[in-house]
Amino acid sequence: MNYKLVFSFICLLFSVGAGAQTQLSQYKPGQTAEGAVYYLPKTALRISVLVEKTTYQPGDFAPYAQRYLRVAGVSQEPQQSYRVTDVMVTPCPMPDSSKVYAVRFNPLTVASRMMLSEDGRLLGLNVDDVDDVAMPPFFVPAPQQAMKDPRQLMSEEILSCSSIAKMAELTASEIYDLRENRSLLIKGQADFMPHDGRQMQIMLDELDANDRSLTSMFVGVTRRDTTEHILWYEPQLGRQVLFRLSQQRGLVEPDDLSGAPYYITIDDISQLPPEEPVAKKAKPKTESGIYVNVPGRMRVTILEGINPLLELESPASQFGRTLLLSGSLFNKRYTTRLRLNALTGALEQLDADQPKKTFVLFPKKQ
């Protein structure tokens with residue numbers, strides 16, 4: 001992940017008596033300030049839904065499956081259905097438009113380096129090894145084994161039949177021959193026995209593949225394809241419809257009543273201590289420093305109707321509050337290092353190197 005180095009230098013305000021400090025103000029759209037603008041994050045949910053599509057295509061000999069193969073209940077009509085096989089939730093950061101701050105600088109103060117993510121979230125100050133939250137990999141479906149064309153396995157006698165019933169009868173006889181040969185091979189009674197285990201397995205696999213291909217002419221072909229749908233959700237307290245699942249069209253929008261509803265429930269489980277009351281002042285002073293998050297926590301539950309599918313707990317910045325780190329921590333006497341949690345914007349590291357003192361051994365003569 002690449003990051004933008006927003007300013008090579010963020011200089012701190014100079015004020016008489018109070019010393020130089022980093023001065024921050026709430027950013028308002030339409031205003032411009034000489035300095036940097038950064039966001040604190042709020043928590044969003046990346047929801048990966050795996051939906052399996054099952055399609056059934058009946059075989060040409062489906063009406064004869066019971067008569068010749070003793071397979072009952074074979075459908076003679078094409079079918080299609082969808083089902084959710086898995087749901088995965090990953091908390092991710094996104095810029096909080098209600099927590100935008102502008103840093104004004106003074107060229108007389110010490111230099112600092114501010115590291116931002118690509119979307120403008122503050123990651124650190126005077127630190128280099130900052131990492132953003134990594135996104136999970138996309139779902140990659142497993143390759144499906146191709147089935148042989150059953151007509152290529154049929155003999156000339158079968159293909160020359162003018163009756164579908166006769167073709168089905170001869171094809172069933174061919175299937176039983178394949179199964180008998182497989183049984184003889186396993187028992188070691190076949191006319192041509194393999195020399196080693198590898199050849200044995202190759203022959204068994206070939207017999208099985210031919211059996212499946214010819215049998216599909218009776219029982220049909222069922223194909224299953226899994227696709228991944230990525231949903232981005234900004235947590236809101238209470239229960240809402242996340243998506244719906246239609247048996248005809250798969251995953252559809254929450255307001256599409258053709259599908260069965262899947263719900264998401266967000267509960268605030270934060271246990272933060274209460275904030276100290278702020279005394280009223282006639283003329284409030286302008287705050288200076290760096291803002292960080294004190295995140296809360298949330299419980300996420302996803303349900304299929306009334307049946308829970310997934311439940312997890314996660315930090316949630318929007319259910320917490322902000323904390324102002326005093327500007328005195330960032331004055332020109334120190335080189336302060338600040339590192340924030342990339343997901344929550346919470347404080348992870350705050351330390352400083354004091355400059356070395358210079359001693360004059362011999363005063364300069366006047």
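Biologist: Hi! What should I know about the model before we start?

Modeller: It is predicted, so local features need pLDDT of at least 70 and side-chain atom pairs count only at pLDDT 80 or more, while totals for chains, interfaces and linings use all residues. Residues are numbered from 1 along each chain as its sequence is written, and side-chain values use heavy atoms, with hydrogens and water left out.

Biologist: Thanks. How many helices and strands are there in the chain?

Modeller: The chain has four helices and 14 strands. Those are DSSP runs numbered from the N terminus, with helices being H or I of at least four residues and strands being E of at least two.

Biologist: And what share of the residues counts as buried?

Modeller: Of the chain's 366 residues, 37% are buried. Buried means under 20% relative accessible area, exposed means over 50%, and partly exposed is in between, with a 1.4 Å probe and protein chains only.

Biologist: What about contacts between residues 24 or more positions apart?

Modeller: Such residues make up 74% of the contacts in the chain with a separation of 6 or more. A contact here means heavy atoms within 4.5 Å.

Biologist: Let's go to the rings. How many aromatic pairs does the structure hold?

Modeller: There are five aromatic pairs. Rings of Phe, Tyr and Trp (its six-membered ring) pair if their centres lie within 6.5 Å; planes under 30 degrees apart are stacked, over 60 edge-to-face, and the rest tilted. Take Tyr-101 and Tyr-291: this pair is stacked, because the ring centres are 4.2 Å apart and the planes are at 15°.

Biologist: Where do Tyr-101 and Tyr-291 lie?

Modeller: Tyr-101 is in strand S4 and Tyr-291 in strand S11 (residues 289–304), so the pair ties together parts that are 190 residues apart in sequence. Tyr-101 is buried at 5% relative accessibility, and Tyr-291 is buried at 13%. Ring pairs also link Tyr-38, Tyr-101 and Tyr-291 into a cluster.

Biologist: Nice. How about Phe-243 and Tyr-262, how far apart are the ring centres?

Modeller: The ring centres of Phe-243 and Tyr-262 are 4.7 Å apart with the planes at 15°, so that pair is stacked. It links distant parts of the chain, with Phe-243 in strand S8 (residues 238–246) and Tyr-262 in strand S10 (residues 260–268), 19 residues apart. Both Phe-243 and Tyr-262 are buried.

Biologist: What does Leu-309 contact, leaving aside neighbours within four places in sequence?

Modeller: Leu-309 is in contact with Tyr-262, and also with Val-87, Ile-302, Leu-303 and Glu-304. Leu-309 sits in strand S12 (residues 307–326) and is partly exposed, with a relative accessible area of 41%. The C-alpha atoms of Leu-309 and Met-88 are 9.9 Å apart in space, while the two residues are 221 apart in sequence.

Biologist: And Ser-314, buried or exposed?

Modeller: Ser-314 is buried, with a relative accessible area of 1%. Ser-314 is also in strand S12, where it touches Pro-91, Gly-296, Arg-297 and Met-298, not counting residues up to four places away in sequence.

Biologist: Changing topic: which residues does Thr-171 touch?

Modeller: Beyond residues up to four places away in sequence, Thr-171 touches Phe-61, Met-154, Ile-158, Leu-214 and Phe-218. Thr-171 belongs to helix H3 (residues 164–187) and is buried, with a relative accessible area of 0%.

Biologist: How many disulfides did the search find?

Modeller: Zero in the whole structure, where a disulfide is a pair of cysteine sulfur atoms within 2.5 Å. Cys-92 is buried, with a relative accessible area of 1%, and Cys-161 counts as buried at 18%.

Biologist: Last one: which kinds of residue line the second largest pocket?

Modeller: The lining divides into four nonpolar, three polar and six charged residues. Ala, Val, Leu, Ile, Met, Phe, Trp, Tyr, Cys and Pro count as nonpolar, Asp, Glu, Lys and Arg as charged, and the others, Gly among them, as polar. Helix H4 (197–219) and strand S7 (221–233) each supply at least two of the lining residues.
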